[in-house]
Amino acid sequence: MPAREKITADETVRSALSWSVRDFAEELSSCGFTQISGPFGASDEAFDVAGALFETCRFERGLPPLSIIGDFVLPPLDGAETRDFQTLHFDFGLPLDPKVEGDVARYIALHIPADVTGVRAVTRLVPLAALLEFDSLSSELAFFARHGLRIDDAEIDINLQPGELLLFDNLALAHGRRGTRQPGELRQRAYGHRLQPAAQTKLRDDVLTAFKARLRHAPITNSPRDHQQRP
Ligand SMILES: O=C(O)CCC(=O)C(=O)O
Ligand SMILES: [Fe+2]
């Protein structure tokens, strides 16, 4: 049975959600991210839902099949707490001048297990269209910077809580963190494609073309639901 049928037929997953997989997939496609309250106690359960949603999105976008290319406990259980800030980044990066076969992360799922206590960090999301808008104002950037315009103006802070799941498009939003995370606090799974250099170059060009088109027409909108735009 093709993966998509297997996923959308999973009534256990669907009935556990107040929104259907399709609703969340639509929000992920239009906003670049979606937050699901669950609660999901265990990460396996959360990532089953993540996989179903990403599969729906990638199928509708005509993207190549996804596989799990990274699965991390952040920080590691036997590690130290993180520093109190993580700069904006793309997981696995965007290939700029690919020469060898490599993994490209298309979607990221973040889950905080339900038994974690005392979460103090928030995940920062910044739509790339907004970053490019800033870039296109480069001659004026120095002026605005002197007058207090910060990238924070485009930033969406996600205050992910125990049991919740955050899904985002790694190639539509840069992400980072504000605040400290304790060992074992966050589970992160990256879904992507292993691509030859020519396919990586095409993906890079498709991503940049999509940004340019968005800039000409409409910027990525923030979620209509419960996300906090920084003041
Ligand atoms: O802690 C977070 O919210 C984000 C973590 C992250 O993006 C990473 O470690 O790659
Ligand atoms: Fe990351």
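The paragraphs below lead through the sheet, its helices, the ligand surroundings and some backbone details of a predicted model.

In this predicted model, local features need pLDDT of at least 70 and side-chain atom pairs count only at pLDDT 80 or more, whereas totals for chains, interfaces and linings use all residues. Residues are numbered from 1 along each chain as its sequence is written, while chains are lettered from A and ligands numbered from 1 in the order in which they are written.

The account begins with an open sheet of five strands, whose order is β1-β7-β4-β9-β2 and whose pairing is antiparallel. Because β1 (33-36) and β2 (67-74) stand at the edges and have a single partner strand each, one side of each is left without a neighbour in the sheet. Neighbouring strands here are turned against each other by 20° on average, direction ignored. Strands and helices are DSSP runs numbered from the N terminus, with at least two residues (E) for a strand and at least four (H or I) for a helix, and two strands pair if DSSP finds at least two bridges between them.

Helices α3 and α4 come next. Helix α3 (residues 21-31) lies across β1 and β7 and runs at about 145° to β1, where axes are lines fitted to C-alpha atoms, for helices over the stretch in contact, and angles run from 0 to 180 degrees between N-to-C directions. Helix α4 (residues 43-60) packs on the sheet, touching β1, β4 (102-111), β7 and β9 (186-195), and its direction makes about 130° with that of β4. The two helices, α3 and α4, also pack with each other at an angle of about 60°, their axes being 9 Å apart. The contact is made by Val 21, Arg 22, Phe 24, Ala 25, Leu 28 and Ser 29 from α3 and by Ala 52, Leu 53, Thr 56 and Cys 57 from α4, a contact between two residues requiring that their C-beta atoms, placed from the backbone, lie within 7 Å.

Ligand 1 is surrounded by Leu 74, Gln 86, Asp 91, Leu 110, Ala 121, Thr 123, His 175, Arg 177, Arg 181 and Leu 186, a residue being near a molecule if its C-beta atom, placed from the backbone, lies within 6 Å of it.

Some backbone details remain, in the loops. Most residues other than glycine have a negative phi, and most peptide bonds are trans. The bond from Gly 38 to Pro 39, however, is cis, with omega near 0°, and Pro 39 lies in the loop between β1 and α4. The bond from Leu 74 to Pro 75 is cis, with omega near -15°, and Pro 75 is found in the loop between β2 and β3 (85-89).
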